[in-house]
Amino acid sequence: AARLAVIASEDQLFPDHDGFDFKSIEKAMKHNKKSRSLMGASTISQQVAKNVFLWQQRSYIRKAFEVYFTFMIELVWGKRRILEVYLNVIEMGEGIYGIEAASQAYFRKAASGLSRKEAARIAACLPNPSKFTVKPPSKHVLIRSAWILDQMNNLQDDPDIQELLQ
């Protein structure tokens with residue numbers, strides 16, 4: 001359930017792109033030119049590259065390295081490994097890294113035992129887990145997790161996504 005939840009939440013085109021979602025990047029650039037709030041467009045692959053190999057502060061130098069590492073992990077690891085690493089390194093709460101730690105912290109069970117609703121709740125805290133709390137669920141997490149559940153239902157029969165979930 002967790003793999004489908006993070007794909008539904010973070011990167012629905014994950015099986016189809018080569019590490020970069022250029023339409024989302026263009027949309028974010030347009031938004032960021034005329035808004036104070038920054039909109040991100042990082043794919044799961046880009047987030048893995050940043051979280052595993054790079055530092056967190058935004059800069060053009062870091063972004064250039066992120067492009068390089070994203071290209072390399074897409075080439076060498078493949079989608080299943082990228083998703084596995086993502087689920088093991090992503091911050092899912094204050095000091096909580098990885099789906100197993102999040103599952104234990106929030107629901108006192110193994111990640112493999114998460115219900116779809118619980119997985120959607122955890123995914124809903126992304127991309128700002130220090131602001132959007134899973135337990136107790138913030139209003140944002142409740143609203144977003146309902147949307148994620150809908151997206152999970154829409155995506156569950158996609159053959160490319162099914163291949164990643166096995």
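## Helix α1 and its surroundings

Let's start with two helices: α1 and α8 pack at an angle of about 105°, and their axes are 9 Å apart. Two packed helices are described by the angle between their axes and the distance between the axes. The axes are lines fitted to C-alpha atoms, for helices over the stretch in contact, and angles run from 0 to 180 degrees between N-to-C directions. Helices are DSSP runs (H or I, at least four residues), numbered from the N terminus. You are looking at a predicted model, in which local features need pLDDT of at least 70 and side-chain atom pairs count only at pLDDT 80 or more, while totals for chains, interfaces and linings use all residues. Residues are numbered from 1 along each chain as its sequence is written, and side-chain values use heavy atoms, with hydrogens and water left out.

Back to our pair: α1 and α8 are therefore roughly perpendicular to each other. That label covers angles of 65 to 115 degrees, with under 35 called roughly parallel, over 145 roughly antiparallel and the rest oblique. Where do they meet? From α1 come Leu4, Ala5, Ile7, Ala8, Ser9 and Glu10, and from α8 come Arg144, Trp147, Ile148, Gln151, Met152 and Leu155. Contact here means heavy atoms within 4.5 Å. The residues of this contact of α1 with α8 divide into 8 nonpolar, 2 polar and 2 charged. In this sorting, Ala, Val, Leu, Ile, Met, Phe, Trp, Tyr, Cys and Pro count as nonpolar, Asp, Glu, Lys and Arg as charged, and the others, Gly among them, as polar.

Helix α1 (residues 2–10) also packs against helix α5 (residues 79–89), at an angle of about 90° and with the axes 11 Å apart. These two helices, α1 and α5, are therefore roughly perpendicular to each other. Ala2, Arg3, Val6, Ile7 and Glu10 of α1 make the contact with Leu83, Tyr86 and Leu87 of α5. The residues of the contact of α1 with α5 comprise 6 nonpolar, no polar and 2 charged.

How many residues of α1 are buried? The helix is mostly covered, with 8 of its 9 residues buried. Buried means under 20% relative accessible area, exposed means over 50%, and partly exposed lies in between (1.4 Å probe, protein chains only). The buried residues of α1 pack against α3 (44–53), α5, α6 (99–107), α7 (116–124), α8 (139–155) and α9 (159–165).

Now for the aromatic rings. Rings of Phe, Tyr and Trp (its six-membered ring) pair if their centres lie within 6.5 Å; planes under 30 degrees apart count as stacked, over 60 as edge-to-face and the rest as tilted. By this rule the count comes to 5 aromatic pairs. In one of them, the rings of Trp55 and Phe65 have centres 6.2 Å apart and planes at 70°, so this pair is edge-to-face. Trp55 sits in the loop between α3 and α4 (60–76), while Phe65 is in helix α4, 10 residues apart. Trp55 is partly exposed at 36% relative accessible area, and Phe65 is partly exposed at 40%. Phe53, Tyr68, Phe69 and Trp77 form one aromatic cluster.

Finally, visit Thr43, in the loop between α2 (22–34) and α3. Thr43 is buried, with a relative accessible area of 1%. Leaving aside its neighbours within four places in sequence, Thr43 is in contact with Asp11, His17, Gly19, Phe20 and Asp21.
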